[in-house]
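Open the structure in your viewer and keep the selection tool at hand. Each stop below tells you what to select and what is there.

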6 protein chains.
Amino acid sequence: MSPMLITVINANTSDEMTQAIASGATAVAPPGTEVRVVCPPMGPASVESSYDEALSVPGLLASIASGEREGSDGYVIACFSDPGLDAARELAGGPVVGIAEAAMHTASFLGRGFSVVTTLARTCGRAWDLAERYGMRRFCRGVHACGIPPLALDTDPAAVQTVLDSCRSALETDGSDAIVLGCAGMSEWSDKLTAELGVPVVDGVRAAVLTVQSLVTMQLRTSARTDYAAPPPKPYTGLLRPFTLPS
Amino acid sequence: MSPMLITVINANTSDEMTQAIASGATAVAPPGTEVRVVCPPMGPASVESSYDEALSVPGLLASIASGEREGSDGYVIACFSDPGLDAARELAGGPVVGIAEAAMHTASFLGRGFSVVTTLARTCGRAWDLAERYGMRRFCRGVHACGIPPLALDTDPAAVQTVLDSCRSALETDGSDAIVLGCAGMSEWSDKLTAELGVPVVDGVRAAVLTVQSLVTMQLRTSARTDYAAPPPKPYTGLLRPFTLPS
Amino acid sequence: MSPMLITVINANTSDEMTQAIASGATAVAPPGTEVRVVCPPMGPASVESSYDEALSVPGLLASIASGEREGSDGYVIACFSDPGLDAARELAGGPVVGIAEAAMHTASFLGRGFSVVTTLARTCGRAWDLAERYGMRRFCRGVHACGIPPLALDTDPAAVQTVLDSCRSALETDGSDAIVLGCAGMSEWSDKLTAELGVPVVDGVRAAVLTVQSLVTMQLRTSARTDYAAPPPKPYTGLLRPFTLPS
Amino acid sequence: MSPMLITVINANTSDEMTQAIASGATAVAPPGTEVRVVCPPMGPASVESSYDEALSVPGLLASIASGEREGSDGYVIACFSDPGLDAARELAGGPVVGIAEAAMHTASFLGRGFSVVTTLARTCGRAWDLAERYGMRRFCRGVHACGIPPLALDTDPAAVQTVLDSCRSALETDGSDAIVLGCAGMSEWSDKLTAELGVPVVDGVRAAVLTVQSLVTMQLRTSARTDYAAPPPKPYTGLLRPFTLPS
Amino acid sequence: MSPMLITVINANTSDEMTQAIASGATAVAPPGTEVRVVCPPMGPASVESSYDEALSVPGLLASIASGEREGSDGYVIACFSDPGLDAARELAGGPVVGIAEAAMHTASFLGRGFSVVTTLARTCGRAWDLAERYGMRRFCRGVHACGIPPLALDTDPAAVQTVLDSCRSALETDGSDAIVLGCAGMSEWSDKLTAELGVPVVDGVRAAVLTVQSLVTMQLRTSARTDYAAPPPKPYTGLLRPFTLPS
Amino acid sequence: MSPMLITVINANTSDEMTQAIASGATAVAPPGTEVRVVCPPMGPASVESSYDEALSVPGLLASIASGEREGSDGYVIACFSDPGLDAARELAGGPVVGIAEAAMHTASFLGRGFSVVTTLARTCGRAWDLAERYGMRRFCRGVHACGIPPLALDTDPAAVQTVLDSCRSALETDGSDAIVLGCAGMSEWSDKLTAELGVPVVDGVRAAVLTVQSLVTMQLRTSARTDYAAPPPKPYTGLLRPFTLPS
């Protein structure tokens with residue numbers, strides 16, 4: 001049997017972020033599964049706004065199209081705003097899971113309520129939107145910004161301590177049981193934070209890779225019965241070739 | 001005083017659809033308001049999937065960027081999936097309203113419940129998502145597909161009768177008070193349908209133009225206090241120039 | 001074409017409040033629209049309780065009955081508890097909009113969340129009820145009382161500063177994007193408050209007048225298909241004549 | 001100890017309806033409790049619309065004011081739209097319970113879901129509103145109109161059979177466990193319907209009388225801590241004397 | 001007519017708690033009603049966890065089985081986590097009401113919002129679950145632990161003051177109108193607390209006894225139409241005899 | 001490294017059901033993971049009511065206590081009513097997942113809505129309760145009973161066809177994208193049903209085993225911060241020894 005191939009897509013074009021994602025993704029991949037972490041061919045340097053998020057989607061879909069040609073069994077969208085998830089599900093043959101989606105579901109197995117600790121304050125609204133979309137609003141007790149931009153997580157030596165402080169404060173304020181890390185760039189710190197905080201700290205990258213692994217193991221793929229069927233082919237004017245749907 | 005300028009953006013690249021939108025938009029514009037209906041420089045021929053919707057957003061944002069240079073006072077996103085609404089609000093100086101958003105709010109003033117009549121079955125889920133997002137789920141009693149693709153609304157001579165039949169059936173099934181037209185391409189028919197059905201039929205294009213007109217009259221614009229502040233500038237790799245944010 | 005006539009009904013019998021309402025209502029009326037602000041023939045001096053609200057409704061309905069005889073095209077109920085809205089919709093031929101209703105919908109176009117700043121603490125519950133009724137609970141992040149009774153808004157020279165302070169505090173506490181003014185008597189201050197606060201401040205009187213203006217422009221009126229059909233005629237014992245429905 | 005006095009207020013001016021209410025109310029009153037069923041001094045002949053409901057409230061509040069002078073320990077509002085409930089709670093010293101409120105709560109103790117069987121189709125929306133207000137929406141699986149106007153319940157010999165048929169159909173359609181009777185005028189039939197249907201049939205008049213009985217027994221009265229405090233005294237122009245609050 | 005028999009079941013095996021429950025239950029029973037307060041033959045010494053709650057259910061069901069043999073007309077489950085309520089409804093011929101259920105419903109008649117004051121912090125989640133189950137989430141503004149274990153309520157002389165302080169703080173924090181006592185062991189204090197606090201304080205034991213009294217008076221019993229029908233008979237391995245259903 | 005041990009607990013005492021569960025559970029266990037499927041020492045022959053469910057919990061908790069002594073890393077509760085889940089989480093050191101919980105979450109990754117196909121009609125209410133508890137109500141479009149008792153799934157040769165027919169009908173009625181199998185006894189049929197129906201069919205046994213596998217891989221365990229902390233030790237009267245907590 002050929003090994004399972006899971007493609008993990010960073011939604012921005014930062015190599016450092018791609019490395020951080022790879023560290024979490026490969027940490028949990030079992031023998032027999034290849035995890036391929038990719039950076040899309042176009043898009044924003046980081047996702048800090050709805051504008052950035054919207055402009056990350058074409059590149060992300062191009063990466064899915066590439067993955068399809070390479071025989072990928074499933075996909076992880078490795079940005080906590082889960083950009084383009086519906087479109088990706090239409091495009092991909094195998095399952096697609098976002099890291100916010102996977103992290104929130106995972107946290108719901110571990111306690112009555114979780115707190116999300118994210119980067120900039122302006123991303124909090126999106127996290128609440130996603131909690132509602134996934135049915136996780138009843139478990140999500142708070143979304144807290146640590147104030148560090150995504151790309152500075154990697155370069156600011158004080159970042160991990162700031163995130164740790166935000167987690168402590170979030171647990172206290174929300175009376176919650178667990179932490180959900182609100183940025184793929186925090187993936188490397190989940191073990192350290194769990195150890196320091198004494199509560200489960202969920203990294204969406206790990207959680208999403210394992211969710212896709214489980215779905216593929218059960219031979220479950222996105223239903224094509226209604227809205228997630230393959231998109232009807234048509235001309236796309238003025239867009240680069242990778243977005244042309246395979247006929 | 002200079003006239004008010006409202007830019008109405010068709011999210012696909014079809015000229016026929018742009019014409020249909022223009023007919024509704026100009027029908028309600030008061031003297032002293034210029035309504036400019038534009039077709040984006042890139043994007044899908046029609047929006048029939050989440051994939052199409054995602055790929056319509058870059059062109060739509062380019063049209064907003066153009067509108068900002070031209071001094072537009074406000075914007076209408078004239079596609080019933082309201083693509084890119086959050087991103088557009090970050091980018092634009094004036095208010096931005098989607099036609100699904102405006103139509104649903106408008107219908108809520110006219111009765112206890114409305115039915116949406118849309119094009120293809122695969123777009124129904126998105127309409128429900130939007131009803132929830134806007135708080136209109138309690139008023140939205142059903143979303144019904146008439147089975148006609150968006151571009152065929154204009155070319156199929158039987159389309160208006162099919163939509164009328166779908167409206168009748170929706171009113172009966174849902175016990176609702178009003179109809180919301182679920183595609184910008186149906187804009188031309190709202191008066192005819194109101195007359196035939198004897199209930200209010202809401203065209204989102206008209207509703208959105210008047211909503212923007214009202215917001216500008218009240219000098220109200222999108223709040224920049226939290227998530228809708230202007231996006232932080234940054235490099236966007238591999239994307240066409242129009243997406244580069246004005247510095 | 002005859003000009004559009006919009007009747008704006010103050011729900012209490014205070015002339016000063018009627019003046020304040022008129023200032024907001026006429027500020028936004030376009031050329032070709034006559035806005036008539038009326039004070040009902042009977043009712044409470046101010047609306048500060050559910051008891052007052054209940055007793056304001058007969059007079060308010062009498063004003064609608066008068067408006068119908070005068071050919072009014074639509075109505076605004078200019079009291080933030082939107083008293084008698086359902087009954088008014090049954091009675092009137094044209095659309096009827098409440099100022100809480102219009103203000104909350106309007107604020108939902110401008111940000112992710114708004115705060116209501118109202119008069120007495122005992123009216124907060126009613127504001128929450130209305131937010132829920134209109135589907136705006138997801139946008140309404142807080143209802144804050146400034147502690148000033150409605151009629152004192154006009155006579156207390158410190159009132160505007162107190163309201164401004166309440167708005168500042170509400171924005172901070174709720175993390176919201178916009179303010180909804182919770183009393184018709186605050187209508188005169190919306191521009192001043194917007195300027196001071198740097199966020200959109202929505203006056204329901206202006207918003208409701210423009211909403212009715214838009215509905216009439218689109219030739220949309222309350223659906224008579226189900227609950228809002230004209231009430232069945234019958235005897236009303238012991239009540240003044242204006243309330244007897246014309247047969 | 002003086003006997004407990006419970007005042008049950010019919011919201012319309014029909015003597016036949018008052019009789020029907022009295023039959024249910026007195027059937028459950030224990031020894032030591034006097035139940036006084038009253039007809040208000042003014043109001044509509046029947047409540048069939050929001051307009052009727054609004055115009056029933058002044059008379060109903062007058063009856064509460066009379067009850068207060070007579071030392072009533074608690075009140076039942078005996079109309080299934082529970083008109084004026086908030087205002088009545090502000091005015092009365094003792095507890096006030098509506099029959100829709102009591103019936104829905106009661107039905108929630110008896111099964112997972114109930115169906116409401118009411119009179120005219122146009123009252124269904126109001127029943128849904130109340131279900132939501134009382135938190136009973138999760139138990140209320142359907143509201144069904146039998147098509148008989150309230151006053152005809154008493155005069156139409158076929159009415160009881162029509163209501164029985166509506167109950168049967170409602171149970172089947174909704175898969176529900178119990179019936180809530182949606183009009184005070186159906187009060188006489190609850191035992192007969194329970195016997196025929198083999199499921200609990202809840203009469204709001206009985207349920208509300210017993211709820212008030214229980215609250216008074218526990219010496220519990222409406223909280224005056226926030227919104228339900230006595231209304232601030234003030235002039236009421238053009239209204240009959242009973243509505244002026246005692247200072 | 002034989003007197004009504006209501007069986008009140010303490011869910012733990014503490015005699016002191018059974019006494020406390022009896023004091024509240026008998027305080028409200030009318031002449032002609034016998035209230036029998038029982039302690040189950042097996043179970044935990046107190047209910048302080050979901051584990052305790054689960055292990056209290058077999059004994060509680062055994063008490064219901066005994067009650068059925070003794071001709072009990074209805075049952076109260078006198079533990080604020082309402083353990084085994086669904087199972088008890090299947091087993092009993094007459095109505096079954098939990099004290100959390102009865103207290104929350106009762107409080108909803110008395111104001112816009114209530115606060116629950118309970119024992120240990122770890123029971124707060126369960127109280128929220130129940131508020132949701134009963135549709136009372138919209139009325140429940142907060143659940144507050146006073147930090148005293150259930151059995152210490154009876155033995156710690158400072159307990160009543162601690163509970164009083166918790167009530168005061170809860171009213172302030174939540175802006176609520178009433179208090180719901182979150183443990184059967186607080187039953188004795190409801191009058192004293194009402195007097196001190198000036199707001200309604202609801203004791204679930206009293207409320208549940210009166211609710212059952214009312215249901216039996218109306219001859220209403222749990223519907224056997226769907227899920228609450230008697231359980232299908234079958235072998236129960238390794239469990240004590242009382243739990244075997246009578247064939 | 002020692003292999004991972006996952007204990008899967010059948011909630012009834014049927015050996016056939018235990019075999020059916022084992023077939024699904026072992027089908028997805030990766031190399032290096034031992035799956036131990038156990039039948040509790042006491043309890044009902046099948047779970048067909050809330051009464052059965054309540055009486056299955058002591059045996060199930062005994063199995064958890066045994067698992068703890070044997071070093072189990074995590075647990076699956078293999079009954080679609082997820083009995084005793086909260087209590088089990090307090091008792092176990094590692095994660096505990098119910099099959100309804102895992103199946104519903106899994107189905108939410110695969111489409112916009114799923115239908116549950118379960119055994120007897122009387123279990124449908126419980127399935128709805130769980131969908132709400134897990135936040136999956138927005139994805140759960142219908143719960144459908146096939147009418148076959150749990151133990152007959154194994155013995156009735158026509159059962160699989162009946163379930164298949166129920167699935168087809170559920171997909172059509174609900175317009176859903178996926179099927180959730182509503183009984184552990186259907187575990188063997190998931191591949192066959194997926195093949196026949198052309199939509200994802202989710203078996204909770206497989207989904208729960210893989211969810212526990214993933215949680216243990218990520219070293220995540222139930223948070224002990226609030227409600228799920230170990231239960232306070234105390235005497236349990238009249239219950240078998242296994243339920244006494246280890247001190």
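The tour goes from whole chains down to single residues.

**Before you start**

This is a predicted model: local features need pLDDT of at least 70, side-chain atom pairs count only at pLDDT 80 or more, and totals for chains, interfaces and linings use all residues. Residues are numbered from 1 along each chain as its sequence is written, while chains are lettered from A and ligands numbered from 1 in the order in which they are written.

**Stop 1: chains A and F**

Select chain A and chain F. Here 37 residues of chain A are in contact with 37 residues of chain F. Two residues are in contact if their C-beta atoms, placed from the backbone, lie within 7 Å. Now colour α4 (99–108) and α9 (204–217) of chain A, which each supply at least two residues of the side that touches chain F. Helices (H or I, at least four residues) and strands (E, at least two) are DSSP runs, numbered from the N terminus.

Which helix gives the most to this side of chain A? It is α9(A), with seven residues. By class, the side of chain A that touches chain F has 19 nonpolar, 11 polar and seven charged residues. Ala, Val, Leu, Ile, Met, Phe, Trp, Tyr, Cys and Pro count as nonpolar, Asp, Glu, Lys and Arg as charged, and the others, Gly among them, as polar.

Next, show chain A with chain D. No contact joins them, and their closest C-alpha atoms lie 17 Å apart.

**Stop 2**

Colour domain 1 (4–98 + 206–243) and domain 2 (100–204) of chain A. Domain bounds come from an automatic or database domain assignment. The C-alpha centres of the two domains lie 22 Å apart. Across the boundary, 23 residues of domain 1 are in contact with 25 residues of domain 2. On the domain 1 side, α1 (15–28), β5 (96–98) and α9 each supply at least two residues. The largest share, six residues, comes from α1(A).

**Stop 3: two helices in chain B**

Select α7 (residues 159–174) and α8 (residues 190–197) of chain B. Their axes come within 11 Å and cross at roughly 50 degrees. Axes are lines fitted to C-alpha atoms, for helices over the stretch in contact, and angles run from 0 to 180 degrees between N-to-C directions. α7(B) and α8(B) are therefore oblique to each other. Angles under 35 degrees count as roughly parallel, over 145 as roughly antiparallel, 65 to 115 as roughly perpendicular and the rest as oblique.

Show the side chains. B:Leu164, B:Cys167, B:Arg168 and B:Leu171 of α7(B) make the contact with B:Leu193, B:Glu196 and B:Leu197 of α8(B). That gives five nonpolar, no polar and two charged residues.

**Stop 4: single residues**

Go to C:Glu34, in strand β2 (residues 33–38) of chain C. C:Glu34 and C:Leu5 are 29 residues apart in sequence but 4.8 Å apart in space, C-alpha to C-alpha. Is C:Glu34 buried, exposed or partly exposed? C:Glu34 counts as partly exposed because it has 14 C-beta neighbours inside 10 Å. A residue is buried if 20 or more other C-beta atoms lie within 10 Å of its own, exposed if 12 or fewer, and partly exposed in between; C-beta atoms are placed from the backbone.

Finish at C:Gln219, in the loop between α9 (204–217) and β10 (236–237) of chain C. C:Gln219 has a positive phi of about 55 degrees although it is not a glycine. Most residues other than glycine have a negative phi.
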